[in-house]
Each structure stands twice: as structure tokens, then as C-alpha cells.
Amino acid sequence: MQYWESNLRCPSCKGKIKIIESSIHCEECHSTFSMAHGVPCFVDHVLSEHQKSDLESVRKGLAKGRSTARLLGADARCYKWATEWVNESTVHESTRVICVGGSFIDDLPHVTSSFKFNVDHLVHEFIKIIPEMVNTNVKHIASTSEALPFMDAYADFVYSRNSLDHVSNPIKTLIEINRVLKPEGRFLLSVYYNSSFIYSGETTVIDDDFVRNHLRNLFDVEWLEVRLSESESVPQPPKFSLPNGNGLGWLYAVCKKNEDFRPYDCEAMKGYERLTSSFHSAVYYDEKGMRRDASRFFAEVIDSKPFLKSDEMRIMYSKIRYLSANDHKGFRDLFDDFKLTNKDPFWWGIVIESSWSFMKDELQKEIDARFSGTERAYLDRTIRGMKTRRIKDLVRRNRPIYRIVEPIYSFSKRV
Ligand SMILES: [Zn+2]
């Protein structure tokens, strides 16, 4: 217990903690947390639908006899990369190493430090079904990455493998990593690059924009490399390509903290977080009124329209959703502009889904005047979908199909 007390801090206020039996108390803000299965637990014990499905897929994989390493897919290569930076010459017994989002494994098994942690929001659940987690020399902590339970400038190394694009708020996560890193410490990042909602667990596109606006704002990037998947053995979804020669790949970076990064607008951050968490948990109803997972929807959208990615798409999308659910006058203003400039049936489909309940006659007229052929057929399908009972029910109860409650704002670029 003494070990945890001296190494961990309250994730809310960063105050000192005291552990009494299986309770963790913050001495400053008096928040309480718990120890569960030997793991300090700073997360809500009630699991979200998304977390349940993550856990379920691991459980199923184990039941089929898959090894824990295999369940994490093509990550062995990332590990090999990390050993070039974290090895006997850079790490000793008391080096502090935090792996952020390592699921249930020891991300750096060759590191023998007594201060090696894996922070993941589900470890307290994983440990119940994967007994060998107890025997590794990594110390597991159940926490979200947006509020890490460590004091400022605690860590010599922070390592994040295939995780940053899965968290609810990747920007907040980077801010936290910056905070816990020592000034001379290093942040090692490996993450899917340009992947955009291909797999269900991902919330965020890590692409050039993200690197320029956020990674390079919060860190001095000493070394960065994107290895396209074509030249590596990363499994690729079929038919996926991006314009301008950008392809799906892995991004690797070694970073030092930037101590005077441009601050972020707090409201914008809240909007971002709600938006990404709604992607995680959102469901929608397809043209047959069937309940479907929204992340699959985005996979299909991005698959067919790879240029609609990240912030641009999200801002547009959330604006339409937000205004149609909350501000019909604002929506009409948006639509006046939209109908002059936007000919893309995909976005017209989104507009139909969002506003059919209060402006169907006007929409029908515009669609009749503008679209024909396959585009028209696509929109007719969307309209038929709006007429199914399930969607009508939702509209009648005035609930947006997606639970997006606030628009996301764009982040200004670093000068
Ligand atoms: Zn506290």
C-alpha cells in the first residue's frame, strides 16, 4: 500500500492518496476510489456499452484459445521499435515508465524497472479473466488516459502503442502525458495513421492535421516516421485508399515535452469529448429500421469517401445534428447556405435524416429538383428509411438519432 501511496496521486486534483483496506482516499479533494483485484481503480465500475463489447471480444478470443498477444493483433512490430529506445542503456531499476492504454499486457516486457505501470480503463476487468496478468512485472492501474493518477513530471518514459486513436479525448490524453513527463523524459508514440474509423474501437483519425495541430503543439518531436502499410505487414481493410499518396500506416514518434504549448479552449475540449464518446456509443437505425453500430456507419462512409475525414467531417456533421435537434431556425439558415454549395448526396442524406421531421416538404422539393439517377436512388432510400416506424418513433420523441449535444469547434493552428 505504501508503494501505491508514494507513486500515485488523485487523478482529479493530483493530491496525495491514502489507502485504507480496499479504499483509496484523496487527502485533498476527498474523492474516493477503490482497490479491486489488487488493482488501484480510478474508473467507474459501471461499464459503458462500448467497454462491454471490448471486453466481450477479448473474452471470446480467449475462449477460442487465442494467446493474449495474438488478441492484440499486429503489435509485435511496435514493440520491437520501442526496444530501440527503451533498453538496458536507457532504463535502470528505478526508471519510471508508464504505458498508456496497454490493454492487458506488459507492453515493454524487457524493462525490469520497479516503476513500470500499465494504465488502461479496463484492467480491473481484464484481470478477472486473464490470470497471468498478475505475474508480469508491470503494475496495472485502472484509469482513463484523460486523467492520469500521477504527479507532474513523474515519468522518465511514457509509451503509448495503438491506443491514442481509441481514447475518448486524444488531445486531453496528450496534455496529460505532457504533464506527467519529466522535462528530460521521452514520450514514445506508435499509432495507426490515417485509419479513420475502420475498426470499431477507434474514435479519432491520427493524420497530418492531428500531428501538426496537437502532437507538435504539445511536444517537441525529435523523430517521427510514418511507415505506410503497403510496405509493412499491417492488415489493411480492402478497398481503402486515400488521395494525395497518403495511405494507411503506422506512425512512430519520439517526443520531448513542450512546456509552453498553446493552451486549448476548454469548451471546445468538452465538445470534442462528447462527440468522440458519442461515436463510441452511438447507434443508428438503417433504412430497414435495424439498429446498427455507428462506428460501422463511419467505416462505410470513410471507405466510400476517404476525403471526408477527421475535423472537417466532424464539424459539418455535428453542426447538422446539433442544429436539427436544438435550433430549427439555425438549421434553416445552415440549410440555405448548404443547398447552394453542397451537391454531395452523402451530406444530403445526413440532412434528410436530421430534419425530415420538420421540413420534409421543402427537402422533397429540393431533392426532386437536384438529383437523378443513382444519386436520387440513394436519397430515396434514405427517405424510405425515415418513414420506417422505428425512426418515426425517435423523431416523435424528439431525440436525435445520434446523441450529439454540442458542436465541435475547430482548433486554431499553432503559429
Ligand atoms: Zn483529489
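Axes here are lines fitted to C-alpha atoms, for helices over the stretch in contact, and angles run from 0 to 180 degrees between N-to-C directions. Keep that in mind for the helix pairs on this tour. The model is predicted.

**Stop 1: α11 and α12**

Select residues 328-341, helix α11, and residues 345-370, helix α12. Their axes lie 12 Å apart, and the helices pack at an angle of about 55 degrees. That angle makes α11 oblique to α12. The crossing of α11 past α12 is right-handed.

Now show the side chains at the contact. Which residues of α11 meet α12? They are His 328, Phe 331, Phe 335, Phe 338 and Lys 339. On the α12 side, select Val 351, Ser 355, Phe 358 and Glu 366. Colour this contact by residue class: five are nonpolar, two polar and two charged.

**Stop 2: Met 386**

Next, select residues 373-387, which form helix α13, and pick out Met 386 within this helix. Is Met 386 buried or exposed? Met 386 is buried, because 20 other C-beta atoms lie within 10 Å, and the cut-off for buried is 20 or more.

Met 386 and Glu 353 are 33 residues apart along the chain. Their C-alpha atoms are separated by 6.5 Å.

**Stop 3**

Move to residues 170-180, helix α6. Eight of its eleven residues are buried, so α6 is largely enclosed by the rest of the structure. To see them, select Pro 170, Ile 171, Thr 173, Leu 174, Glu 176, Ile 177, Asn 178 and Val 180.

Bring in residues 208-218, helix α7. The axes of α6 and α7 come within 9 Å and cross at roughly 15 degrees. The two helices are therefore roughly parallel to each other. Their crossing is right-handed.

Where do α6 and α7 touch? From α6, the contact uses Ile 171, Leu 174, Ile 175 and Asn 178. From α7, it uses His 214, Leu 215 and Leu 218. In this contact, five residues are nonpolar, two are polar and none is charged.

An α-helix has 3.6 residues a turn, so residues three or four places apart point the same way.

**Stop 4: strand β5**

Select residues 96-100, strand β5. Five of the five residues are buried, so β5 is largely enclosed by the rest of the structure.

What lies on each side of β5? Arg 96, Ile 98 and Val 100 are on one side. Val 97 and Cys 99 are on the other. Both faces are covered.

Residues 115-120 form strand β6, which pairs with β5 in the parallel sense over five bridges.

Then show residues 155-161, strand β8. β8 and β5 also pair in the parallel sense, over three bridges. Here Ile 98 stands opposite Val 158 of β8.

**Stop 5: Ser 6**

Finish with residues 2-7, helix α1, and select Ser 6 there. Ser 6 is exposed, because 9 other C-beta atoms lie within 10 Å, and exposed means 12 or fewer.

How many residues separate Ser 6 from Phe 150 in sequence? They are 144 residues apart. In space, C-alpha to C-alpha, Ser 6 and Phe 150 are 9.9 Å apart.

Key. Residues are numbered from 1 along each chain as its sequence is written. This is a predicted model: local features need pLDDT of at least 70, side-chain atom pairs count only at pLDDT 80 or more; totals for chains, interfaces and linings use all residues. Helices (H or I, at least four residues) and strands (E, at least two) are DSSP runs, numbered from the N terminus. Angles under 35 degrees count as roughly parallel, over 145 as roughly antiparallel, 65 to 115 as roughly perpendicular and the rest as oblique. A crossing is left-handed if the near helix is turned anticlockwise from the far one by less than a right angle, and right-handed if clockwise. Two residues are in contact if their C-beta atoms, placed from the backbone, lie within 7 Å. Ala, Val, Leu, Ile, Met, Phe, Trp, Tyr, Cys and Pro count as nonpolar, Asp, Glu, Lys and Arg as charged, and the others, Gly among them, as polar. Two strands pair if DSSP finds at least two bridges between them.
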